[in-house]
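Student: I have this model open and would like to go through it piece by piece. Can we start with single residues and then move on to the bigger picture?

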Amino acid sequence: LFGLDYRKVLNIQNDYRYPFFGILPLWAKLIDPIITQSAFAQLNWKISDKFKLVAGARVEQVPEFTAERRFGDIAAGNYTSVQFTYSQTEAEFIPRVALLFLPNEKNAIKLLYGQAINRPSFFQIIDNRLGGSYIRPLEPETIRTFELNYLGTLSSKLSVSLSVFYNLLENLIFRTFLTDSSGALIQSQANVGEMTTTGAELSITARPTPDFHLELSGTLQETKDKTEGHEDIVPGYSPKFLGYVKASYFFNKDISLSVTGSYVSAMEAFYDGILGARVGEKVDGYFLLGANLRFRNLFGTGMFLNIRGSNLLDEEIRYPATSNNPLFAPLGTFGRGMSLLATLGYRFMPVP
């Protein structure tokens, strides 16, 4: 398998007001569109009846582009304008590989390695040039994942999946202080972060009867900040446990009910290395209960009715404060309370 990909990612031709905490607004636009061009290939190799190898790679490159920022009152013509060219055009090699061991039809063991990148956004690049001079090029954030996975069909009614994984995140982009050519401190974006996550996930799928389906999953994980000086600081937004359950019952082919529950354990707020403190308080874990009732072929027609309830226990949900909202949300931002949504529609194609 081989392919080519060419796409226009962003094209801001008009002045865009960029969020900036200052007296005068900051405006930005692109002189050239941001484009990604890539080639990818995948190889499937059946080594034997029990071993298979799947390998793939993607080579991605962003051509040079020019952007402009304006600081001041554009309407009154009182502003300064700076253009700069983003020239991080080196091609990125993004591989993935999986080795599969299939001892029989009911069991499979997979050893996987994958890599992904997250290129700096246009606004991170703009923020990196607030001083009006070339500060430091931003490299893409990268994540490397190593995973060992077991899939087993224990019976016709029960299957299980167990995974252990290790993630390495490098070149994470955070706001920090840099020194410009004159020796002055400039607050800007930079690749200064590195984290690791080690964890395990267990998933169970059961079908006790043809009409009743049950899904259970849980994830235990630990994230560590490897950034110099942050080794003993618990990273923000990193719950140690995630749980999920879904039970579905089919009364007949036209009426079904699903009940879901999800749990997220406590999380810390972002730790600001500049301030030497967290930008907000730790938030408690929360459990969300939801349900979905669906009717199909109402009145013998293609009409359907779907009733969905979210956070049925009306539990208070708080998400940790981020580096973007510490001034007005030190306690964290609130999630949505109990809600109900009813959808009435018509399906023109017959439902089997």
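Student: Is Gly-56 buried or exposed, and why?
Tutor: Gly-56 counts as buried because its relative accessibility is 10%, and buried means under 20%. Keep in mind that this is a predicted model.

Student: Where does Gly-56 sit in the chain?
Tutor: Gly-56 is part of strand E5, which covers residues 51–61.

Student: What is Gly-56 in contact with, leaving aside neighbours within four places in sequence?
Tutor: Ala-41, Gln-42, Ile-94, Pro-95 and Arg-96. Take Pro-95: Gly-56 and Pro-95 are 39 residues apart in sequence, but their C-alpha atoms are 5.9 Å apart in space.

Student: What about contacts across the protein chain, how many join residues at least 24 apart?
Tutor: Of the contacts between residues at least 6 apart in sequence, 59% join residues at least 24 apart.

Student: And which helices and strands are there, how many of each?
Tutor: The protein chain has one helix and 22 strands. Of its 352 residues, 33% are buried.

Student: Which residues make up the largest nonpolar core?
Tutor: There are twelve of them: Leu-26, Ala-28, Leu-30, Ile-34, Val-62, Phe-65, Ala-67, Phe-84, Tyr-86, Phe-122, Ile-125 and Ile-126. At least two residues of this core come from each of strand E3 (26–30), strand E6 (65–73), strand E7 (78–86) and helix H1 (122–127).

Student: Pick one, say Ala-67. What is it in contact with, leaving aside neighbours within four places in sequence?
Tutor: Ala-67 is in contact with Lys-29, Leu-30, Ile-31, Val-82, Gln-83, Phe-84, Phe-122 and Ile-126. Leu-30, Phe-84, Phe-122 and Ile-126 are also on the list of core residues.

Student: Which residues are in the second, separate core?
Tutor: That core has five residues, including Met-267, Val-283, Tyr-286 and Ile-317.

Student: New topic. Where is Ser-265?
Tutor: Ser-265 is in the loop between E15 and strand E16 (271–272).

Student: A loop residue, then. Buried or exposed, and why?
Tutor: Ser-265 counts as buried, because its relative accessibility is 11%.

Student: What does Ser-265 touch, not counting residues up to four places away?
Tutor: Pro-239, Lys-240, Phe-241 and Gly-285. A polar atom of the Ser-265 side chain lies 3.0 Å from the backbone nitrogen of Lys-240. The backbone nitrogen of Phe-241 also has a polar atom of that side chain 3.0 Å away.

Student: Now Glu-228. Exposed or buried, and why?
Tutor: Glu-228 is exposed, because its relative accessible area is 74% and exposed means over 50%. Glu-228 is in the loop between strand E13 (212–225) and E14. Its C-alpha atom is 8.8 Å from that of Glu-194, which is 34 residues away along the chain.

Student: Last topic, pockets. What lines the second largest pocket?
Tutor: The lining has 19 residues, and those nearest the centre are Thr-260, Gly-290, Arg-308, Gly-309 and Ser-310. Strands E14 (241–250), E15 (255–264), E18 (286–298) and E19 (303–310) each give two or more residues to the lining.

Student: Which of them gives the most?
Tutor: E18, with five residues.

Student: How many of the lining residues are nonpolar, polar and charged?
Tutor: Five are nonpolar, eleven polar and three charged. The space in this pocket is about 270 Å³.

How values were computed
Residues numbered from 1 in each chain as written. Predicted model: local features only at pLDDT ≥ 70, side-chain atom pairs only at ≥ 80, totals over all residues. Heavy atoms only, no water. 1 Å grid on protein atoms, 1.4 Å probe; cavity = no way out; pocket = protein on both sides within 12 Å on 5 of 7 lines; lining within 4 Å. Points joined across faces, edges and corners; volume = space filled by probe spheres on them. Helix = DSSP H or I, 4+ residues; strand = E, 2+ residues; numbered from the N terminus. Nonpolar A, V, L, I, M, F, W, Y, C, P; charged D, E, K, R; others polar. Core = buried A, V, L, I, M, F, W, Y, C linked by side-chain atoms within 4.5 Å. Buried < 20%, exposed > 50% of the residue type's maximum accessible area, 1.4 Å probe, protein only. Contact = heavy atoms within 4.5 Å. Polar contact = N/O pair within 3.5 Å; in protein donor to acceptor, adjacent residues only side chain to side chain.
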